[in-house]
Amino acid sequence: MHRTILTGLSVMFLGTQAVAATAMIGKELQALLSDGKVIALGGPKEGYSGELSLLKDGTAHGQVKLDSGDVISIDGVWRISGNTFCRTWKGGRDAGKAVCKTWNDTGPKSVSVLNGKENIGINPWK
């Protein structure tokens, strides 16, 4: 189950909502994350909740707590490559691999995350 959650987090961020939005380009992603962001993960009915800090130095740290009570740490690095958000986590099924996703602007405090054309979740922040 931990692998499933960490794989889902490669979106970093799970959900099933379809969101009509526009794909962000590299400059927009860079501007959005230039000062870092703390992103909410999961939530009601998702099976887990937590948060992930994307720091402006390109590192990321966070954790999720499963409904079972288990806690999974998230640690690694992130970068913008072309028009995608890429991350490499230290643990999980794809440990050490760069995973890149498209982010679509859905409003002033959220993006939807796509793996190809599949919407894999919403990333909100405060």
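**A chat about the chain**

Reply: Happy to! Cysteine 86 and cysteine 100 are joined by a disulfide, with 1.9 Å from S to S. Keep in mind that this is a predicted model.

Me: What is a disulfide, again?

Reply: A disulfide is a covalent bond between the sulfur atoms of two cysteines.

Me: How many disulfides does the count come to here?

Reply: The count comes to 1 disulfide. The pair links distant parts of the chain, as cysteine 86 sits in strand β6 and cysteine 100 in strand β7, 14 residues apart.

Me: And which hand does the disulfide have, right or left?

Reply: The torsion about the S-S bond of cysteine 86 and cysteine 100 is about 110°, so this disulfide is right-handed.

Me: Is cysteine 86 buried or exposed? And what about cysteine 100?

Reply: Cysteine 86 has a relative accessible area of 2%, so it counts as buried. Cysteine 100 is at 36% relative accessibility, which means it is partly exposed.

Me: Ok, zooming out. What is the secondary structure of the chain?

Reply: There are 2 helices and 9 strands.

Me: How many residues are in the chain, and what share is buried?

Reply: The chain has 126 residues, and 40% of them are buried. As for the surface, the chain exposes about 6900 Å², with 51% of that supplied by carbon and sulfur atoms.

Me: Let's look at a helix. Which residues of α2 are buried?

Reply: Helix α2 covers residues 26-33, and its buried residues are Gly26, Leu29, Leu32 and Leu33. They span an arc of only 130° around the axis, so they lie on the same side of α2.

Me: Why would residues a few places apart point the same way?

Reply: An α-helix has 3.6 residues a turn, so residues three or four places apart point the same way.

Me: Nice. Which exposed residues are on the face of α2 turned away from the buried side?

Reply: That face carries Lys27 and Ala31, which are exposed.

Me: And what covers the buried residues of α2?

Reply: Several strands contribute to the cover, including β2 (37-43), β3 (48-54), β5 (71-81), β6 (84-89), β7 (99-107) and β8 (110-115).

Me: New topic: how many aromatic pairs are there?

Reply: A search of the whole structure gives 2 aromatic pairs. In one of them, tryptophan 78 and phenylalanine 85 are stacked, at 5.9 Å centre to centre with 20° between the planes. Phenylalanine 85 also pairs with tryptophan 103: their ring centres are 4.6 Å apart and their planes are at 25°, so this pair is stacked.

Me: Where do phenylalanine 85 and tryptophan 103 lie?

Reply: Phenylalanine 85 lies in strand β6 and tryptophan 103 in strand β7, so the pair ties together parts 18 residues apart in sequence. Ring pairs link Trp78, Phe85 and Trp103 into a cluster.

Methods
Residues numbered from 1 in each chain as written. Predicted model: local features only at pLDDT ≥ 70, side-chain atom pairs only at ≥ 80, totals over all residues. Heavy atoms only, no water. Buried < 20%, exposed > 50% of the residue type's maximum accessible area, 1.4 Å probe, protein only. Helix = DSSP H or I, 4+ residues; strand = E, 2+ residues; numbered from the N terminus. Arc of directions from axis to C-beta. Contact = heavy atoms within 4.5 Å. Areas by Shrake-Rupley, 256 points an atom, 1.4 Å probe, with all protein chains shown as cover. Disulfide = S-S within 2.5 Å. Phe/Tyr/Trp six-rings, centres within 6.5 Å; stacked < 30°, edge-to-face > 60°.
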